[in-house]
Amino acid sequence: METNKQQTINLNKYISSSGICSRREAERFINEGRVTINGKPTQLGNRVGKKDVVKLDGRLVKPKRTTLYIALNKPVGIVSTTDGREKANIVKHINHPERLFPIGRLDKPSEGLIFLTNDGDIVNKILRAGNNHEKEYFVTVNKSVTPEFVDKMSNGIPILGTVTKKCKVEKVSEKVFKIILTQGLNRQIRRMCEYLDYEVTKLKRTRIMNVELGFLQTGDWRELTQEEMQQINKMIATSSKTEEASVVKEAPKAKKAKRKEVPTKNSFNKKSASFRKSSPKNKRKNTSFSSKRKRR
């Protein structure tokens, strides 16, 4: 049994966190001698560490995994991947004891807010473009942001074989604009700017849905608050977590009329069979056959 209180949990709480019983029932099981830690008898007040093995009536007890939701202020140069071959991958940067993965991407040369979690169910609900969840960016470009530029960016730009959804664009200063997207196309903002002959020199994401980057320093992370998660869960309550949310439904294709097959000389069908039956040749054969029977 580990004794460091910062790394351990009360035995009764550990048992109840598995979902098999309440804390009061766990205390009763301990008093009845039905619980062991690493094969040894237990008593109330014992604490459990990560490496300890707890059993109730000889059966292993495991607490339910805690779901984690993390907001990171990603620095430039960090890659939004879990691939261990990438030295600058986002998971190594955070170095969290739990196995986490990013929700979506933020390009290597970009910085700002990105979520990480161990909850696979929430990922697609947030990411699907059809669910219309907002992401806000501040973008610096290499020349003046004109009214024409703002208008064109707002109304859709042809990139990657499609036209981007209409979005909110606002000039902030001479070479800085704010843009709010509900899409997540590959390098979308950079491609949109390139189409209009602009080059992005700095791109920072400052908000995802209801969560603001705030005063979180570059490279630092924090867990999302209970209030933030309650709001997110409300926002995704009706969200699809399937591809259907991202796909534009096409009009059903008109059915093509089937071409009538012309029977070949030797093909067999009802029409050809009836034709052969009533043909003069067959009539002669049938007549001669019947007349022979009469003679007999």
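The talk below moves from the model to one residue and then to a pocket.

Mentor: This is a predicted model, where local features need pLDDT of at least 70, side-chain atom pairs count only at pLDDT 80 or more, and totals for chains, interfaces and linings use all residues. Residues are numbered from 1 along each chain as its sequence is written, and side-chain values use heavy atoms, with hydrogens and water left out.

Trainee: Why is Thr82 called partly exposed?
Mentor: Its relative accessible area is 47%. Buried means under 20%, exposed over 50%, and partly exposed in between, with a 1.4 Å probe and protein chains only, so Thr82 counts as partly exposed. Of the 296 residues of the chain, 38% count as buried.

Trainee: Which residues does Thr82 contact, leaving aside its neighbours within four places in sequence?
Mentor: They are Val91, Leu100, Phe101 and Pro102, where contact means heavy atoms within 4.5 Å. The C-alpha atoms of Thr82 and Leu100 are separated by 8.3 Å, and the two residues are 18 apart along the chain.

Trainee: What makes up the lining of the second largest pocket, by class?
Mentor: There are 6 nonpolar, 6 polar and 4 charged residues. Ala, Val, Leu, Ile, Met, Phe, Trp, Tyr, Cys and Pro count as nonpolar, Asp, Glu, Lys and Arg as charged, and the others, Gly among them, as polar.
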